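User: Got a new model open here. Can you walk me through how it is put together?

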Amino acid sequence: MLTLSELCSPAFVRELMARHGIAPRREFGQNFLINPAIPRRIAEAAVGGEADVNVLEIGPGIGTMTTELSRLAGKVAAVEIDRALIPVLAETLDGCENVAVINRDIMKCSLPELTREAFGDEDYRVCANLPYYITSPIIMKLLEEGGERLRSVTVMIQTEVASRLTASPGTQDYGSITAAVAYYGTAKKLFTVSPGSFLPAPKVTSTVIKIELYRPGERPVTAKDEKTLFRVISSAFGQRRKTLPNALSAGMPELSKDAAVSLVTSLGYDERIRGEALGIGDFARIADAITAETAEK
Ligand code: SAM
């Protein structure tokens, strides 16, 4: 079995790829880790010292973090889009009996089906060094489809996106994805990683974040209709410079400007308030009022 230091040696990575006749593919966001301290810290943060934890890894690449996850976790399912990496993974993960490599595009997978096949009815965690071209869609998919068995999401992403995911209401970084994450759990930054830890080096700094998902029944805010909640959130941030009533009526054609003003003021908000000042509880109140009004009609 290869050691983590071997897998992180730039000379080894180059030799491995040359032997398989491949090179890192930019269209798949391939930046491989070459600093052994980083996959170790990310895997440890994801597993959290618990025994027999199930982990879904997105984008194992050449299997660097996967070997750490194999050592720490119970079962690992690793979903890799790039078919050319499958024979590479067969070589680097030789002897990692608890790892199943799945050659699929995570965006085209049904998470409930994939995780039930891999882990049965048991809980699971997600751990990944995410491809930067598709970070937010993957995180939203995990939150929306992950279900009650998904306990946490530990991912390395661009620092700029990490700041958005962990921002507080009223700050410049706060946006629709921040509010969406806050609906499902709590996100916090763990540590930053410099470009020199990757081959090839990306242009930006990376940050590892962990989202702990609320357990069933523990969610502090539950909207009557989640679809309406997410429409309210995306409308509120779709037109950031507009006041909330203006942004809502622009994003939700069924809500006239006057109706939006009276709805917002009837809930006790100033009609000049902007969406960025509101927390997830406020968005849920507004969405519930819209749901109730629509039901009356
Ligand atoms: N985990 C490896 C590491 O840390 O060295 C590689 C991380 S690299 C930033 C991102 C990985 O995600 C690549 O292996 C890439 O091929 C894979 N990937 C990109 N898009 C994907 C998708 N839609 N579904 C599954 N894997 C994907």
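Analyst: Domain bounds here come from an automatic or database domain assignment. Note that this is a predicted model.

User: Which domains do we get?

Analyst: The chain splits into domain 1, residues 4-213, and domain 2, residues 226-296.

User: What distance separates the centres of domain 1 and domain 2?

Analyst: Taken over C-alpha atoms, the centres are 35 Å apart.

User: Switching to helices. At what angle do α10 and α13 cross?

Analyst: Roughly 115°. Their axes come within 9 Å. α10 is residues 226-238, and α13 is residues 280-296. The crossing is right-handed.

User: Which residues make that contact?

Analyst: From α10: T228, L229, V232, I233, A236 and F237. From α13: I280, F283, A284, I286, A287, I290 and T291.

User: How does the contact of α10 with α13 divide by class?

Analyst: Eleven nonpolar residues, two polar, no charged.

User: What about α10 against α11?

Analyst: α11 covers residues 244-251. α10 and α11 pack at about 115°, with axes 8 Å apart. That crossing is right-handed. R231, V232, S235 and A236 of α10 meet L244, A247, L248 and G251 of α11. By class, that contact has five nonpolar residues, two polar and one charged.

User: New topic, backbone. Which peptide bond is cis?

Analyst: The one from L199 to P200, with omega near -10°. P200 lies in the loop between β8 (198-199) and β9 (206-213).

User: What is phi of D52?

Analyst: Near 55°, a positive value in a residue other than glycine. D52 is in the loop between α3 (37-47) and β2 (54-58).

User: Why flag those two?

Analyst: Because most residues other than glycine have a negative phi, and most peptide bonds are trans.

Technical notes:
Residues numbered from 1 in each chain as written. Predicted model: local features only at pLDDT ≥ 70, side-chain atom pairs only at ≥ 80, totals over all residues. Heavy atoms only, no water. Axes fitted to C-alpha atoms, helices over the stretch in contact; angles between N-to-C directions. Helix = DSSP H or I, 4+ residues; strand = E, 2+ residues; numbered from the N terminus. Left-handed = near helix turned anticlockwise from the far one by under 90°. Contact = heavy atoms within 4.5 Å. Nonpolar A, V, L, I, M, F, W, Y, C, P; charged D, E, K, R; others polar.
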